[in-house]
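Subject: Structure for you to look at

Hello,

Please find the structure below.

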Amino acid sequence: MSEQTLIEAGDTAERTIGTASLEERGLRTAHHVAFGNPTEETHHGTITISTASETVFEESVELQASASIVASLTDLGTYTVRVAVPELDATDVVTIDPHQFTCNVTKTTVNVQGDGTLDSTSISTRMACPGVVSETAPSDEVVSHTLGDDPIPADTGRFTHTFMLRNPSDETWTARMLVEGDSTAQFDGLYKVEPESTVLITLTESGTYTLSVDVLETEMTASEQVTPENFDCNQSSTRAEIDSEGELTVNTLSTLMACGTGTNSTNESS
(Lines give C-alpha, C1' and ligand atoms only; values in the text may rest on other atoms or scores of the structure.)
Protein backbone atom coordinates (compact mmCIF):
# COMPACT_ATOMS: atom_id res chain seq x y z
CA MET A 1 0.00 0.00 0.00
CA SER A 2 1.10 3.57 -0.63
CA GLU A 3 2.05 5.77 2.31
CA GLN A 4 -1.03 6.88 4.20
CA THR A 5 -1.81 9.79 6.48
CA LEU A 6 -3.12 8.69 9.87
CA ILE A 7 -6.03 10.78 11.11
CA GLU A 8 -6.83 9.87 14.65
CA ALA A 9 -10.28 9.31 16.12
CA GLY A 10 -12.40 12.45 16.20
CA ASP A 11 -9.81 14.57 14.35
CA THR A 12 -10.10 16.47 11.07
CA ALA A 13 -7.15 17.10 8.75
CA GLU A 14 -7.45 20.28 6.65
CA ARG A 15 -5.94 20.92 3.21
CA THR A 16 -6.04 24.01 0.99
CA ILE A 17 -6.14 23.55 -2.79
CA GLY A 18 -5.50 26.29 -5.34
CA THR A 19 -4.27 29.89 -5.42
CA ALA A 20 -6.92 31.45 -3.14
CA SER A 21 -8.18 33.60 -6.01
CA LEU A 22 -11.68 33.61 -4.52
CA GLU A 23 -10.31 35.62 -1.58
CA GLU A 24 -9.01 38.29 -3.96
CA ARG A 25 -12.03 38.92 -6.20
CA GLY A 26 -15.78 38.62 -6.05
CA LEU A 27 -18.33 37.52 -3.49
CA ARG A 28 -17.92 33.76 -3.66
CA THR A 29 -16.02 31.65 -1.14
CA ALA A 30 -14.18 28.33 -1.19
CA HIS A 31 -16.02 25.02 -1.56
CA HIS A 32 -15.04 22.37 1.00
CA VAL A 33 -14.78 18.69 0.10
CA ALA A 34 -14.74 16.18 2.97
CA PHE A 35 -13.98 12.46 3.15
CA GLY A 36 -15.28 11.21 6.48
CA ASN A 37 -15.60 8.05 8.54
CA PRO A 38 -18.47 8.46 11.01
CA THR A 39 -18.38 4.72 11.84
CA GLU A 40 -16.66 3.04 14.78
CA GLU A 41 -14.31 1.09 12.50
CA THR A 42 -11.01 2.27 11.01
CA HIS A 43 -11.01 2.59 7.21
CA HIS A 44 -8.34 3.25 4.59
CA GLY A 45 -9.05 5.23 1.45
CA THR A 46 -7.87 7.74 -1.11
CA ILE A 47 -9.41 11.07 -2.08
CA THR A 48 -8.51 12.48 -5.51
CA ILE A 49 -9.60 15.86 -6.86
CA SER A 50 -9.16 16.68 -10.55
CA THR A 51 -9.98 19.37 -13.08
CA ALA A 52 -10.45 18.73 -16.80
CA SER A 53 -6.69 19.05 -17.34
CA GLU A 54 -4.96 17.79 -14.20
CA THR A 55 -5.11 16.17 -10.78
CA VAL A 56 -4.88 18.97 -8.22
CA PHE A 57 -4.98 16.88 -5.05
CA GLU A 58 -4.56 13.27 -4.00
CA GLU A 59 -4.01 11.78 -0.56
CA SER A 60 -4.31 8.34 0.94
CA VAL A 61 -5.58 8.31 4.50
CA GLU A 62 -6.23 6.01 7.42
CA LEU A 63 -9.39 7.28 9.06
CA GLN A 64 -10.03 6.14 12.59
CA ALA A 65 -13.52 6.39 14.09
CA SER A 66 -15.24 9.75 13.47
CA ALA A 67 -12.18 11.11 11.63
CA SER A 68 -12.20 13.08 8.38
CA ILE A 69 -10.11 15.02 5.90
CA VAL A 70 -11.36 18.30 4.38
CA ALA A 71 -9.91 19.92 1.24
CA SER A 72 -10.87 23.55 0.53
CA LEU A 73 -11.13 24.47 -3.17
CA THR A 74 -10.08 28.13 -3.36
CA ASP A 75 -10.38 28.70 -7.14
CA LEU A 76 -13.68 28.79 -9.03
CA GLY A 77 -14.02 25.89 -11.46
CA THR A 78 -15.37 22.43 -12.21
CA TYR A 79 -13.87 19.59 -10.21
CA THR A 80 -14.24 15.82 -10.12
CA VAL A 81 -13.88 14.26 -6.67
CA ARG A 82 -13.14 10.54 -6.46
CA VAL A 83 -13.11 8.67 -3.15
CA ALA A 84 -12.02 5.03 -3.12
CA VAL A 85 -12.00 2.57 -0.21
CA PRO A 86 -10.40 -0.62 -1.65
CA GLU A 87 -11.04 -2.77 1.42
CA LEU A 88 -14.78 -2.22 0.93
CA ASP A 89 -14.55 -2.34 -2.88
CA ALA A 90 -16.34 1.03 -2.76
CA THR A 91 -15.85 4.10 -4.97
CA ASP A 92 -17.83 7.33 -5.21
CA VAL A 93 -17.38 10.05 -7.84
CA VAL A 94 -18.85 13.54 -7.40
CA THR A 95 -18.72 16.60 -9.68
CA ILE A 96 -18.40 20.07 -8.13
CA ASP A 97 -19.87 22.71 -10.47
CA PRO A 98 -18.91 26.41 -10.34
CA HIS A 99 -22.41 27.42 -9.20
CA GLN A 100 -21.80 25.45 -5.98
CA PHE A 101 -19.40 28.20 -4.88
CA THR A 102 -21.59 30.79 -3.13
CA CYS A 103 -20.96 33.55 -0.58
CA ASN A 104 -21.65 31.20 2.36
CA VAL A 105 -20.08 27.95 3.52
CA THR A 106 -20.60 25.23 0.92
CA LYS A 107 -19.57 21.63 1.38
CA THR A 108 -19.61 18.25 -0.33
CA THR A 109 -19.11 15.23 1.94
CA VAL A 110 -18.39 11.61 1.07
CA ASN A 111 -18.86 9.34 4.10
CA VAL A 112 -18.23 5.68 4.79
CA GLN A 113 -21.51 4.04 5.82
CA GLY A 114 -22.05 1.31 8.36
CA ASP A 115 -23.02 -1.15 5.62
CA GLY A 116 -19.69 -0.69 3.85
CA THR A 117 -20.90 1.68 1.12
CA LEU A 118 -20.07 5.32 0.41
CA ASP A 119 -22.65 8.09 0.50
CA SER A 120 -22.22 11.66 -0.78
CA THR A 121 -24.13 14.83 0.07
CA SER A 122 -23.72 18.46 -0.99
CA ILE A 123 -24.88 21.48 0.98
CA SER A 124 -24.83 24.93 -0.60
CA THR A 125 -26.85 27.81 0.80
CA ARG A 126 -27.37 31.19 -0.86
CA MET A 127 -29.04 32.92 2.07
CA ALA A 128 -27.89 36.54 2.48
CA CYS A 129 -26.19 36.44 -0.94
CA PRO A 130 -28.12 39.13 -2.85
CA GLY A 131 -25.21 39.92 -5.16
CA VAL A 132 -24.45 36.29 -6.04
CA VAL A 133 -26.33 35.08 -9.11
CA SER A 134 -26.00 31.73 -10.92
CA GLU A 135 -28.15 31.38 -14.02
CA THR A 136 -28.38 29.99 -17.55
CA ALA A 137 -28.72 32.34 -20.52
CA PRO A 138 -30.72 30.19 -22.99
CA SER A 139 -30.03 30.35 -26.71
CA ASP A 140 -31.56 33.38 -28.47
CA GLU A 141 -32.70 34.89 -25.16
CA VAL A 142 -31.67 37.70 -22.82
CA VAL A 143 -31.32 37.34 -19.06
CA SER A 144 -31.08 40.54 -17.05
CA HIS A 145 -30.34 41.86 -13.57
CA THR A 146 -30.57 45.37 -12.12
CA LEU A 147 -28.04 46.59 -9.58
CA GLY A 148 -29.66 49.47 -7.67
CA ASP A 149 -33.13 51.02 -7.91
CA ASP A 150 -35.47 49.32 -10.36
CA PRO A 151 -37.05 51.29 -11.83
CA ILE A 152 -35.25 54.58 -11.22
CA PRO A 153 -37.63 57.04 -9.55
CA ALA A 154 -39.06 59.51 -12.05
CA ASP A 155 -37.77 63.10 -12.39
CA THR A 156 -34.47 62.38 -10.63
CA GLY A 157 -32.27 63.20 -13.61
CA ARG A 158 -30.41 59.93 -13.11
CA PHE A 159 -29.25 57.68 -15.92
CA THR A 160 -28.06 54.10 -16.14
CA HIS A 161 -25.07 52.20 -17.48
CA THR A 162 -25.50 48.70 -18.90
CA PHE A 163 -22.99 45.87 -18.74
CA MET A 164 -23.68 43.42 -21.58
CA LEU A 165 -22.20 40.04 -22.48
CA ARG A 166 -23.02 38.44 -25.85
CA ASN A 167 -22.19 34.99 -27.17
CA PRO A 168 -22.68 35.01 -30.96
CA SER A 169 -20.74 31.74 -31.33
CA ASP A 170 -22.06 28.18 -31.64
CA GLU A 171 -20.36 27.18 -28.37
CA THR A 172 -21.67 27.25 -24.80
CA TRP A 173 -19.40 29.00 -22.30
CA THR A 174 -19.34 29.53 -18.54
CA ALA A 175 -18.79 33.22 -17.81
CA ARG A 176 -18.34 35.12 -14.57
CA MET A 177 -19.34 38.80 -14.56
CA LEU A 178 -18.06 40.98 -11.72
CA VAL A 179 -19.06 44.51 -10.76
CA GLU A 180 -16.63 46.09 -8.31
CA GLY A 181 -16.80 49.59 -6.83
CA ASP A 182 -14.40 51.16 -4.32
CA SER A 183 -12.40 47.90 -4.33
CA THR A 184 -15.48 46.05 -3.10
CA ALA A 185 -17.43 43.51 -5.14
CA GLN A 186 -21.09 44.45 -5.51
CA PHE A 187 -22.20 41.79 -7.99
CA ASP A 188 -20.87 38.32 -8.80
CA GLY A 189 -22.80 36.65 -11.61
CA LEU A 190 -22.02 33.19 -12.97
CA TYR A 191 -23.73 32.35 -16.25
CA LYS A 192 -23.94 29.36 -18.54
CA VAL A 193 -24.00 31.35 -21.78
CA GLU A 194 -25.57 29.34 -24.59
CA PRO A 195 -25.17 30.20 -28.32
CA GLU A 196 -26.69 33.50 -29.44
CA SER A 197 -27.62 34.49 -25.90
CA THR A 198 -27.11 37.74 -23.99
CA VAL A 199 -26.60 38.69 -20.34
CA LEU A 200 -27.55 42.27 -19.43
CA ILE A 201 -26.73 43.94 -16.10
CA THR A 202 -28.08 47.46 -15.50
CA LEU A 203 -26.27 49.78 -13.08
CA THR A 204 -28.54 52.52 -11.77
CA GLU A 205 -26.19 54.18 -9.25
CA SER A 206 -23.65 56.60 -10.72
CA GLY A 207 -20.10 55.87 -9.64
CA THR A 208 -16.72 54.41 -10.55
CA TYR A 209 -16.83 50.69 -11.26
CA THR A 210 -14.57 47.98 -12.61
CA LEU A 211 -16.55 45.61 -14.83
CA SER A 212 -14.92 42.24 -15.51
CA VAL A 213 -15.71 39.10 -17.49
CA ASP A 214 -13.96 35.73 -17.06
CA VAL A 215 -14.47 32.68 -19.31
CA LEU A 216 -13.85 29.69 -17.07
CA GLU A 217 -13.14 27.14 -19.82
CA THR A 218 -10.37 29.21 -21.45
CA GLU A 219 -9.28 31.28 -18.42
CA MET A 220 -9.63 34.41 -20.54
CA THR A 221 -10.41 37.64 -18.69
CA ALA A 222 -11.16 41.23 -19.69
CA SER A 223 -12.19 44.33 -17.77
CA GLU A 224 -13.22 47.97 -18.24
CA GLN A 225 -13.52 50.85 -15.82
CA VAL A 226 -16.49 53.21 -15.96
CA THR A 227 -16.79 56.53 -14.14
CA PRO A 228 -19.66 58.91 -13.27
CA GLU A 229 -19.27 60.43 -16.74
CA ASN A 230 -20.59 57.17 -18.16
CA PHE A 231 -23.88 57.85 -16.36
CA ASP A 232 -24.36 61.31 -17.88
CA CYS A 233 -26.72 60.20 -20.64
CA ASN A 234 -29.35 57.61 -21.38
CA GLN A 235 -27.28 55.50 -23.76
CA SER A 236 -24.13 54.19 -22.12
CA SER A 237 -22.90 50.59 -22.07
CA THR A 238 -19.94 48.28 -21.64
CA ARG A 239 -20.18 45.44 -24.12
CA ALA A 240 -18.26 42.17 -23.99
CA GLU A 241 -18.36 39.39 -26.56
CA ILE A 242 -17.15 35.77 -26.52
CA ASP A 243 -16.03 34.24 -29.82
CA SER A 244 -15.95 30.58 -30.87
CA GLU A 245 -12.48 30.13 -29.32
CA GLY A 246 -13.51 31.53 -25.96
CA GLU A 247 -11.64 34.79 -26.57
CA LEU A 248 -13.04 38.05 -25.18
CA THR A 249 -13.39 41.55 -26.57
CA VAL A 250 -14.77 44.41 -24.46
CA ASN A 251 -15.40 48.11 -25.03
CA THR A 252 -17.34 50.94 -23.44
CA LEU A 253 -19.62 53.18 -25.52
CA SER A 254 -21.14 56.44 -24.33
CA THR A 255 -23.32 58.75 -26.38
CA LEU A 256 -24.51 62.21 -25.35
CA MET A 257 -27.64 62.11 -27.47
CA ALA A 258 -30.75 63.38 -25.69
CA CYS A 259 -28.68 64.61 -22.76
CA GLY A 260 -29.42 68.29 -23.24
CA THR A 261 -25.89 69.18 -24.30
CA GLY A 262 -26.77 70.30 -27.80
CA THR A 263 -24.01 68.14 -29.29
CA ASN A 264 -23.62 64.51 -30.17
CA SER A 265 -20.38 62.65 -29.52
CA THR A 266 -19.18 59.11 -29.04
CA ASN A 267 -16.32 57.89 -26.85
CA GLU A 268 -14.96 54.36 -27.10
CA SER A 269 -12.25 52.53 -25.23
CA SER A 270 -11.11 48.97 -25.46
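Two strands count as paired if DSSP finds at least two bridges between them. Strands (E, at least two residues) are DSSP runs and are numbered from the N terminus.

The model is predicted, so local features need pLDDT of at least 70, side-chain atom pairs count only at pLDDT 80 or more, and totals for chains, interfaces and linings use all residues. Residues are numbered from 1 along each chain as its sequence is written, and side-chain values use heavy atoms, with hydrogens and water left out.

β11 runs parallel to β15 (residues 184-193), and 6 bridges join the two. Within this pair, Ala137 stands opposite Val193 in β15.

Another open sheet has 5 strands in the order β1-β5-β4-β7-β8, and the pairing is mixed. β1 (5-7) and β8 (90-96) are the edge strands, each pairing on one side only. Neighbouring strands of this sheet are turned by 25 degrees against each other on average, direction ignored. Which strand is joined to β1 by 3 bridges? That is β5 (residues 55-63), and the two run parallel. Thr5 stands opposite Val61 in β5.

Regards

Note on methods
Helices (H or I, at least four residues) and strands (E, at least two) are DSSP runs, numbered from the N terminus. Axes are lines fitted to C-alpha atoms, for helices over the stretch in contact, and angles run from 0 to 180 degrees between N-to-C directions.
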